[in-house]
Amino acid sequence: MINRKIIVVGNGMVGHYFVERLAKKYPERDITVLGGEPRPAYDRVHLSEVFKGRNPEELSLTSREHYRQLGIDAHFGDPVTAIDREHRTVTTRLGRRFHYDKLVLATGSYAFVPPIPGNDLPGCLSYRTIDDLGAIRAHAKAARRGVVIGGGLLGLECANALKNLGLDTHVVEFAPGLMGVQLDPGGSTMLRQMIEAIGVSVHTSKATRKISVGTSHRLRMSFADDSELETDLIVFSAGIRPHDELARAAGLDVGERGGIVVDTHCRTSDSNISAIGECALAHGKIHGLVAPGYRMADAALSQLGTEAFPFEGADMSTKLKLLGIDVGSIGDAHGSATGQAVSLVYANDRDRVYKKLVLSADSRKLRGAVLVGDCSDYDSLLQYYLNDMELPDNPEAIILPSDAGTQAALGGMQLPPGATICSCLNVTRGALIKAIDGGCSTIADLKSATGASTGCGGCAALLKSTLQQVLAERGVSVDNHLCEHFAFSRQELFHLVKVEQIRSFAQLLQAHGRGRGCDICKPAVASILASLWNDYILAQEHAALQDTNDTFLANMQKDGTYSVVPRIPGGEISADKLLVIAQVAKKYELYTKITGGQRIDLFGARLNQLPDIWETLVAAGFETGHAYGKALRTVKSCVGSTWCRYGVQDSVGMAIRIENRYKGIRSPHKLKSAVSGCTRECAEAQSKDFGVIATEKGWNLYVGGNGGMKPRHAELFATDLDEATLIRTIDRFLMFYINTADRLQRTSVWLENLDGGLDYLRSVIIDDKLGLCAELDRQMARLVGSYQCEWKTSLEDPEKRRRFRQFINSLEDDANVLFVQERGQPRPARPDERAVPTQPRHSKKKEEASHAL
């Protein structure tokens, strides 16, 4: 049989994709895989997640055993060193020789290291493979500062890795802006501002002239403009270069700047040899994303059959999260290839959002887009672009904020069957419908059957909506699963945890889940566990589930510092306690603000200062205000009958009682409350999740309100309640909400979606229609009785204090966080003010080493 013996050199993501499909389509072929790395294919797209605690094994796309089951002869860690085209053989480094009828080169690329003198000094590394991660982590253990050379996509991912390792992180980029391929100047500027705001220094238009041994740090970088930067670690991520040395040595055609030249069918200058992925020069360029690599693999595979089709290029759009910042790029983001293009831009410096649409000359078609800070429109915009769909009459509405009248996002059912849902794997909506009609009823089923959302994962939301819409159209009940790891809703998981007395995520996953969990289910389960058992939020079994704010019991601010918000129940505070707050603010040079929730917020605390600040506040009788958690934030009050001539009840006393009762109780979303002493409503109780207004006969209770982007008035729930009845009613309302709400669902949305609405809620809470009230009372009593101040608990354990350090191996402050004075208080320096000197900030440093460690 023609092409009976096929050898694939390289086992990256594209090589693996080709092999999998080859084995399934042509199981009779004799297939050999020769991989240079010591392990089978793994997901390089999510490589940086290893630094967030993900096990490298979780990135695996296959295994030796899986290849054996497919009948594939696979060898790893023994790279091919020579191709003999005349005899159709390849030879490996260990001297093994393999014969081929058809050879497929999927050798990928390597990190480009600029020819800078000193680039081989100890501490100069690359960022490309799992082994590279190990080297970076090993060097970071004794480092304080790390520099990434390269401000592109991979460079910023690497910067995120260094920051996760606790290093003072810098990015050095030769070009004037970041991610110049994907972003226009406006998007690049916004991205830079956001990156600098979280504590990563960015140096653009910098040409590194040489690297030498440093003085205060291990290495010194000298730039062409005569400036210098010292660091302990340098990681090169300045782009990629194709692994074309095998092809070059074998006499195959290669490009002037590298890359194995291939035709539209991915054939090299030798018709028996194909090249796919980042090693191939197709249409005159190297395609550095996984999606076009997969399209090349499809084209190369088609040459083995009777219906060959060409590689005509691939969508280079991408959506990702860099250093916690959403970034999206679609099509011709610069408007350079569109001819007479029309650009629409929405830029919001306050909220750190930049969005740009590149339209055709008649404004009817989308040709490109840039999104920074908010990618919620990405899925819809990508479908407009991929399917050449006509835009609405006012396309600017797609990117404007919701209160300006945005265009509703496209749903899967509005798209034609040929619409591409997953551009990485080229999965159309029609293919999804066929898979659903063939029996797929879950996201996991669809992923397995079609491969959709297994690449970059950017189409996950559209995949889910398509599944739900198609199932609903066919009369099949749509599941409300939390995510692919749990086939249950948040409410169902809540009941399972409660009934089975489950105390940890691992225990729940083993009993009722699959896989290892994700960013959806982990915090959701953490909230459920906290709502039921009220354990210390940073206990070993819970800590890994938390986001940044809960992890450090403080809100991270835009410059990478933290806010400290002590609880001030009802807004009532003594002169002595005010003095303590003033002393803390002065000692640590913190920005101080009295909030609308009647608290005093202290901004600008460094991570390593938090325990010392808490210690002072706790000693003075303060507790954590839980400003970082999905919990009760504030209970605002007016002065009530004690001082006000209109007051009819003691609103301050009631506010203090309510806040002290419900403090620390975790819920699906944050909670706010207020108590007004009369109907003049000075505390604005009707804009809260639950609000109380005094009457001549007692108290009126309002529920289901909120402020924010979409304000909602609370609804009157019960009238003229005495104090005991009021508290009991609030108890039951909160516990019923915690038991039944969806993840991250505010009380207002929960109430709007509740079958029967307010009347049904009254029947459950007041009339005890379901017979649940006694159980709700018991649940609240358990939570109230188990309260603990998380600040105080953290201070009592030296091991817990270890997490509050700026750097892994140093007690030094982060010198990169700069402040300037404005109106007599410190505020974060803007990028153009970063060179402005500031007063030294307080730090106890080495004299407290034993206490901090």
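Modeller: A residue counts as buried when its relative accessible area is under 20%. The model is predicted, and by that criterion 6 of the 6 residues of strand β35 (residues 698-703) are buried, so β35 is largely enclosed by the rest of the structure.

The pairing of β35 may be described one partner at a time. Strand β34 (residues 690-695) runs antiparallel to β35, and 6 bridges join the two. These strands, β34 and β35, form a hairpin with 2 residues between them. Within this pairing, G691 stands opposite Y702 of β35. Strand β36 (residues 715-721) also pairs with β35 in the antiparallel sense, over 4 bridges. Here Y702 stands opposite L716 in β36.

The structure holds 9 aromatic pairs. One of them joins F486 and F505 in an edge-to-face arrangement, with 6.0 Å centre to centre and 75° between the planes. F486 lies in the loop between α11 (460-473) and α12 (490-499), whereas F505 belongs to helix α13 (residues 505-512), so this pair ties together parts that are 19 residues apart in sequence. F486 has a relative accessible area of 0% and is buried. F505 also counts as buried, at 7% relative accessibility.

Y662 and F690 form an edge-to-face aromatic pair, 6.1 Å centre to centre with 90° between the planes. The pair links distant parts of the chain, since Y662 lies in helix α19 (residues 651-662) and F690 in strand β34, 28 residues apart. Both Y662 and F690 are buried.

Other ring contacts complete the account. F733, F736, Y737 and W750 form one aromatic cluster. Two rings have a charged group over them: the charged end of R241 sits over the ring of F112, 3.8 Å from its centre, and that of K577 sits over the ring of F622, 5.2 Å from its centre.

How values were computed:
Residues numbered from 1 in each chain as written. Predicted model: local features only at pLDDT ≥ 70, side-chain atom pairs only at ≥ 80, totals over all residues. Heavy atoms only, no water. Buried < 20%, exposed > 50% of the residue type's maximum accessible area, 1.4 Å probe, protein only. Pairing = 2+ DSSP bridges. Phe/Tyr/Trp six-rings, centres within 6.5 Å; stacked < 30°, edge-to-face > 60°. Lys NZ or Arg CZ within 6 Å of the ring centre and 35° of its normal.
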